[in-house]
Amino acid sequence: MIRKTLAFIALALLTACAPPPVVLGPDGKPLPQVYRIGQQDTAKIQFRMLDSINALRAASGAADVRLSSELNAAAETHSRDMSLQNRPWHFGSDGSSPLDRVARVGYTGQLIGENISETYETEIETLSAWMEQPETREVLLDPRAQQLGFAWFQESNGKIWWTLVMGT
């Protein structure tokens, strides 16, 4: 009896360690998993994005950028606002532009540009998509850029609204 109990416990533990089953869509490809971001992940995600952008900038001959708390605040405000508007665009619900938003947070540098995205993908997948488009790639690799703001808002369904702001 003890052996059966121990075998059952061992089996239960092994089952708990197994990866979740892969769910396939109608096309036979795995369905994407929801990328959940916790409160404790903020610094890790921001620095992973910063390191990735600086690696891309170095490869293109541009100098590193550093995080700016003001630009982070402008990016966070816009990410939340895009979610409320339910559309990815560069204007706030109050008609504000990226220039208005960086001024409101007290940023004294010059705005280089803003990249936005509405997705269920990770920050690195989003960066990859930005690098594929000439307009968003230019913002990331602009040699004048010295500072970066990066933030997001995640809805309860998992959708993420990403905003990246570059400045001098």
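What covers the buried residues of helix H5 includes helix H2 (42–60), strand S2, helix H6, and strands S3 and S4. Here, buried means under 20% relative accessible area, exposed is over 50%, and partly exposed is in between (1.4 Å probe, protein chains only). Helices (H or I, at least four residues) and strands (E, at least two) are DSSP runs, numbered from the N terminus. The model is a predicted one, where local features need pLDDT of at least 70 and side-chain atom pairs count only at pLDDT 80 or more, while totals for chains, interfaces and linings use all residues. Residues are numbered from 1 along each chain as its sequence is written, and side-chain values use heavy atoms, with hydrogens and water left out.

Now for the sheet. It is an open one of four strands, in the order S1-S3-S4-S2, with mixed pairing. Two strands count as paired if DSSP finds at least two bridges between them. At the edges sit S1 (66–67) and S2, each of which pairs on one side only. S1 and S3 run parallel and are joined by two bridges, with Arg66 partnered by Gln147 in S3.

The other pairings involve S4 (residues 160–167). S2 (residues 111–119) pairs with S4 in the antiparallel sense over eight bridges, and here Ile116 has Thr163 as its bridge partner. S3 (residues 147–154) also pairs with S4 in the antiparallel sense, again over eight bridges; Phe150 is partnered by Leu164, and Ala151 stands opposite Thr163. S3 and S4 make up a hairpin with five residues between them, and Gly158 in the turn has a positive phi of about 100°.

How well covered are these strands? In S4, eight of eight residues are buried, and in S3 the count is seven of eight. In a regular strand the side chains alternate between the two faces of the sheet. In S4, Ile160, Trp162, Leu164 and Met166 point one way, Trp161, Thr163, Val165 and Gly167 point the other way, and all are buried.

Next come the helices. H5 (residues 123–132) lies across S2, S3 and S4, running at about 120° to S2. H6 (residues 134–141) lies across S2 and S4, at about 130° to S2. Axes are lines fitted to C-alpha atoms, for helices over the stretch in contact, and angles run from 0 to 180 degrees between N-to-C directions.

The axes of H5 and H6 come within 5 Å and cross at roughly 110°. The two helices are therefore roughly perpendicular to each other (65 to 115 degrees; under 35 is roughly parallel, over 145 roughly antiparallel, and the rest oblique). Their contact (heavy atoms within 4.5 Å) is made by Leu127, Trp130, Met131 and Glu132 of H5 and Pro134, Thr136, Arg137, Leu140 and Leu141 of H6.

Finally, which residues of H5 are buried? They are Glu123, Thr126, Leu127, Trp130 and Met131. These cover an arc of only 140° around the axis, which puts them on the same side of H5; the arc is that of the directions from the helix axis to the C-beta atoms.
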